[in-house]
Amino acid sequence: MNRKKKWILSAAAGILIAAAVLCVSYIRQQGLNINETKKDDASAVSIIGGADGPTSIFLAGKLGKSAENLESENLESGNLTKPPLLCLKDVLSSTDDKFETASGNYSWYYSTGKKDEIAGGIACGLAPLEEAKEKERLKLVQYNNLDFASYIVSMTEKPDNIVVTEYAVTDLGNTDAEALSSEAYDEVLVVHIKPERVYEITAGWAEEKMNERGFYGSASYVVVTE
């Protein structure tokens, strides 16, 4: 009986680890810049997740600190422990209304404020066209019969670049659907958004600026329009 129980537990752990590896592979395929953590840079790895939700892999710093849920931890260093919210604002609107959304897929690393200690994690959520099914929809205001609306992209910490990938809303749930378009922006200012679309907005913060910012990583955001 004990052997059977051990076998079941071992199999479950193996499946979970395999799922996490697949998630990382998916993020890489979507163009996110994931930087692998060296063995001597981390003392513990914690994989959190299950059949009912996304899988997250969290890394604790190399000074021997136990693995914790770093996604919600507030550190005294003041550095971001996870990607900031993405905010969209209609360029032509006279109101201050904003549309905000959080990232469901990301790789994120930050300084804990202690010497040579870096923490971070990889969150693997749903594919964009699956995640979009549960998202609140952005209602666009059309001006002068244009087939798009211009939105300012803003975050509390400006990314170095973004990639905007566009899908048809009729492809919701179809993870094999081909993108209608994909465009990269080095200067993140304004993007053109069309109705009845699903957008995956991938933002990147360069590792080279780690000392300046205290963090680096990449994050994917999903926006669905009416």
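Which residues form a nonpolar patch on the surface? Select Val91, Leu92, Ile152, Leu189 and Val190: together they have about 410 Å² of accessible area. Patches here join residues with over 30% relative accessible area and no salt bridge, with nonpolar side chains (Val, Leu, Ile, Met, Phe, Trp, Tyr) linked within 5 Å and like charges within 9 Å. Areas come from the Shrake-Rupley method with a 1.4 Å probe, and for residues only the protein chains shown count as cover.

Before going on, know that this is a predicted model, where local features need pLDDT of at least 70, side-chain atom pairs count only at pLDDT 80 or more, and totals for chains, interfaces and linings use all residues. Residues are numbered from 1 along each chain as its sequence is written, and side-chain values use heavy atoms, leaving out hydrogens and water.

**Colour by confidence**

pLDDT is the predictor's confidence in each residue, from 0 to 100. The chain's mean is 75, and 65% of its residues reach 70 or more. Now select residues 4-13: pLDDT is below 50 there, and beyond near neighbours in sequence the stretch has zero contacts (heavy atoms within 4.5 Å). Residues 26-77 are also below 50, but that stretch has 118 such contacts.

**Go inside**

Next, pick Leu88, Trp205 and Tyr221. These have the most contacts inside the largest nonpolar core, which has 27 residues. Such a core is a set of buried Ala, Val, Leu, Ile, Met, Phe, Trp, Tyr and Cys residues joined through side-chain atoms within 4.5 Å. Buried means under 20% relative accessible area, exposed means over 50%, and partly exposed is in between (1.4 Å probe, protein chains only). Strands S5 (105-111) and S13 (215-225) are among those that each supply at least two core residues; strands (E, at least two residues) and helices (H or I, at least four) are DSSP runs numbered from the N terminus.

Zoom in on Leu88: leaving aside neighbours within four places in sequence, its contacts include Phe99, Ile152 and Val223.

- Select Glu166 and Arg197, whose closest N and O atoms are 2.6 Å apart. Glu166 lies in strand S9 and Arg197 in strand S12, so the pair ties together parts 31 residues apart in sequence. Glu166 is buried, at 8%.
- Select Asp160 and Arg213, which meet at 2.8 Å, N to O.
- Finish at Glu131 and Lys135, 3.6 Å apart at their closest N and O atoms. Glu131 is buried at 13%, while Lys135 is partly exposed at 21%.

Terms used. Salt bridge = Lys/Arg side-chain N within 4 Å of Asp/Glu carboxyl O.
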